[in-house]
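Notebook open, model loaded. I'll jot down what I look up as I go.

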Amino acid sequence: MIVVDNVSKSFAGKKLFDEVTTSFGPGKRFGLTGPNGAGKSTFMKILIGDLDADTGRISKPKRLGVLRQDHTIYDHMRVIDVVIAGNPRLWEAMQRKDVLLAQDEQTEDEGMELGELECVVAEEDGYSAEADAAVLLEGLGIVQGSQDKPLSELKGGFKLRVLLAQALFGRPQALLLDEPTNHLDLESIEWLEDFLLSFSGVLVVISHDRHFLNAVCTHIADIDYESILQYTGNYDDMVRAKAQVRGQVESSNAKKMEKVKQLQDFIQRFAAGTRSTQAASRKKELQRLRPDEIKRSNIARPFIKFEFDKPGGRDVLEVHKLACGYDGTPIFRGLHLSLSRGDKVAVIGRNGVGKTTLIETLIGKLPAIQGNIKWGHEVDVGYFPQEHEGLIPPGHKIFDWMFEQKPSAGKEGVRSVLGRMLFSGDDGEKPTTTLSGGERVRAILSRLMLLRHNTLILDEPTNHMDLESISSLRDGISGFAGTCVFVTHDRDLVEGVANKIIAIEDGRIDVFPGGWSEYRRAKAKA
């Protein structure tokens, strides 16, 4: 059981949550939700103990599994050892035992200590620790040949998988996981779901993967109205219930504000004169209403709508016997692909199998090793790269940068697009250097909306997006009359949008008709 008692926290002058009292019980799996900036990661750090609350206290189990994002402190260790270190009691006992056994002789006290350490190792299942850790690593896509290497030799995404395995190791009573599906491919996400469904402790997880939250969670803890509201059910259940709660709260707020206005008008008119006593009474009533503390919902959903001026030809892309790779060495070969106007194509596969290589080859950024690529008549391609940090230059304001992209749209046209993407008013004047990851993604999508391409190529567009933004992106792609090819690990996006899937696996590349469910059925028959 994790108990939160009267916890408040403000950050940079903004009140994130105020006097929150709630609990997270064993056997329940909680998704911690809220838009970017709502305070999810801050609250998680308070639960972990990495950050102090302004007020209140937290009580939690001793055996805690935590997903930490800083891998540098483990870079010198073997991958398998990093995982075992997820059980501190076992790891410390094993380390001390190795030190004592390395000595030529032990004193009587050290001999007794060795016996005690053996008991600790046995109690913590230390003799099967390497085998148990290997099972976790294999499930997360880290093969046996990499498990004895130093963590520093793994790529960044795989390092984070090791830290996830560390959090899952050692029979924790509670798991606190911040974005555990980041850098996981679809197969590893499904493995993690199965693992968490069998977990008997309390789980609190932050994720922007709607499908994952729906599959795993029994409850949702949503940060809104400067509080944490719990809902029974998965994410979709919460969305339905929250609409009702939000309506009730907003209605209550509206009535309170109307009452406040009436009181303020009365006080202003009769503060002096024959009715001053009544005005003083109204002041006391106004203080009780505390209009300055009426809490507002933090929900902010962008409106993504892609449109084009010229539709282009019916035949958008023809690919024949395509081989892709680097320096003449193919990662895969033999792709045949035909796209028509209106197709929505998801590109899926494990990290590092060549998804971005395929995209960059299709748009001409990389040369094809073999085969032909033919774009159709008047096809106008808009590209969202996975590595987009340098796409928005420093030294600009968002509005100025956007206006430079298409001056013919006019200032009002640019402001209209920015407003739909939550950059209205002063937010449109933000310096580009201050943008968060989520804001940068929204800015690049704003640019695509402004330029009105008839074909879109999107490489991992949901990275850094919150659930509201991902839902809006799904609606935007689904409603787009043009063609869209997108790389993603988000199954909800694949299921809700794709009519074709390009799957890259073990040097093979195949095209499947239909969405995620059809793809899984086809794979099961293969």
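Which residue in strand 7 is the bridge partner of G31? I looked it up: V205. Before going on, I note that this is a predicted model, where local features need pLDDT of at least 70, side-chain atom pairs count only at pLDDT 80 or more, and totals for chains, interfaces and linings use all residues. Numbering runs from 1 along each chain as its sequence is written, and side-chain values use heavy atoms, with hydrogens and water left out.

**Strand 3 and its neighbours**

I checked the pairing of strand 3 with strand 7 (residues 202-206): parallel, over three bridges. Strand 3 also runs parallel to strand 8 (residues 219-224), with four bridges. There, L32 has A221 as its bridge partner. I count two strands as paired if DSSP finds at least two bridges between them.

Next I looked at burial (under 20% relative accessible area, 1.4 Å probe, protein chains only). Strand 3 (residues 29-33) has five of its five residues buried, so the rest of the structure largely encloses it.

**Whole protein**

I find 17 helices and 18 strands; these are DSSP runs numbered from the N terminus, helices being H or I of at least four residues and strands E of at least two. Of the 526 residues, 48% count as buried. The C-alpha atoms fill a box of roughly 100 × 75 × 45 Å along the principal axes.

Note on methods: Buried means under 20% relative accessible area, exposed over 50%, partly exposed in between (1.4 Å probe, protein chains only).
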